[in-house]
Amino acid sequence: MRPENVVLADDGKSVVIIDQTLLPNRLEHITLKTPEDFYDAIKALKVRGAPAIGICAGMGLYVTMNALGGTDREQFLTEMHNIAAYINSSRPTAVNLFHALRRVENAAMEHKDGGIAGMLEAMRKESIAIQDRDVAMCKAISEYGLTFVKDGDGILTHCNAGPLATSLYGTGLGTLILGAERGYTFHAYTDETRPLLQGARLTAYELDKAGIDVTLICDNMASIVMKQGKINACFVGCDRVAANGDTANKIGTSGVAVLAKHYGIPFYVFCPSSTIDMECGTGADIKIEERDSEEIKSKFYREPMAPASVKCYNPAFDVTDAELITAIITEKGICRYPYTESIPALFGKDRQC
Ligand code: MRU
């Protein structure tokens, strides 16, 4: 099975993505070719979720350089760095975007001797390898996740960390999807995830498609379902983990973690190890994206739901303090608090992004 959310065309001239902004009502694909196409698709969340953004950006860098071609190696590299910087500026919080672009740039630089054709072939292979590796990581993360659950568990999810946001299975949803394949019955409670409704539009869609019992709740209902004993664990993905374990994920995640602590419910973060950014000491070093107020006031409504003159604050992510996280589950293994010890132990000496 191959990922369907981000597909590199065989001729290397385009990337075809599922337009996630149209789900769940319409499953439509769009074709991306130019640097502007990739920048706009990422910025507008047509492709979204930290790993999927990275995969799309890496393929995008290859596709745009393939179209540019040329004969001068230095000029090729300069253009490549400029386009990578441009695509990287589309969204600031997920570290996967930066990592994937850097990996594809490095592949080209390491194959400079092969001329432009050699560099392009290395970029093509690397961009596909990023996606293949994500498939393997999601599967491994989901296997680890199954050690935390039992049949019949109620799981609270926030935002979307399924196949659409990654490649296959997902990170935060991978355990549920893999478990369902193996005959587990889970009861997912899915936060709708205001303001862009990734939970309602995407997680509910993906879990339902996978045959998992899913109940949609508004974000402000998480407390009542926890208090009523319906939740055994909270599962989320993430966009960047600082070296001390502080974790950036979709706005509202930290509130779920605070509630989970209050009710004594474990709160698990799932991510590829490449989402851990050792250059960020703490969550305070993670840049939080701010988005347009229209997302709060008028998007998804027939008429604006607030006076036009009213100010809005719309951070797209928040940081969950490391102390609130029961475990961070990666493809390399499981980290527990204090993360300043367990994260370096995870990487050992040969850390690879
Ligand atoms: O703004 P989005 O929809 O890209 O935010 C996505 C999330 O916050 C996800 O939870 C995160 O990227 C993990 S995806 C496996």
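Modeller: Buried means under 20% relative accessible area, exposed over 50%, and partly exposed in between, with a 1.4 Å probe and protein chains only. This is a predicted model, in which local features need pLDDT of at least 70 and side-chain atom pairs count only at pLDDT 80 or more, while totals for chains, interfaces and linings use all residues. Residues are numbered from 1 along each chain as its sequence is written, and side-chain values use heavy atoms, with hydrogens and water left out.

Biologist: What makes both faces of strand β7 covered?

Modeller: A233 and F235 on one side and C234 and V236 on the other are all buried, so each falls under the 20% limit. In a regular strand the side chains alternate between the two faces of the sheet.

Biologist: How do you know that β4 and β7 pair?

Modeller: DSSP must find at least two bridges between two strands, and strands themselves are DSSP runs of E, at least two residues long, numbered from the N terminus. Three bridges join β4 (residues 154-157) to β7 in parallel, with I155 opposite A233; β10 (residues 267-270) is likewise parallel to β7 over three bridges, and there Y268 is the bridge partner of F235.

Biologist: Why do β11 and β12 stand at the edges of their sheet?

Modeller: The open sheet has the order β11-β8-β9-β12, with mixed pairing. β11 (276-277) and β12 (317-320) each have a single partner strand, so one side of each is left without a neighbour in the sheet. For β12, four antiparallel bridges link this strand to β9 (residues 247-250), where N249 has D318 as its bridge partner.
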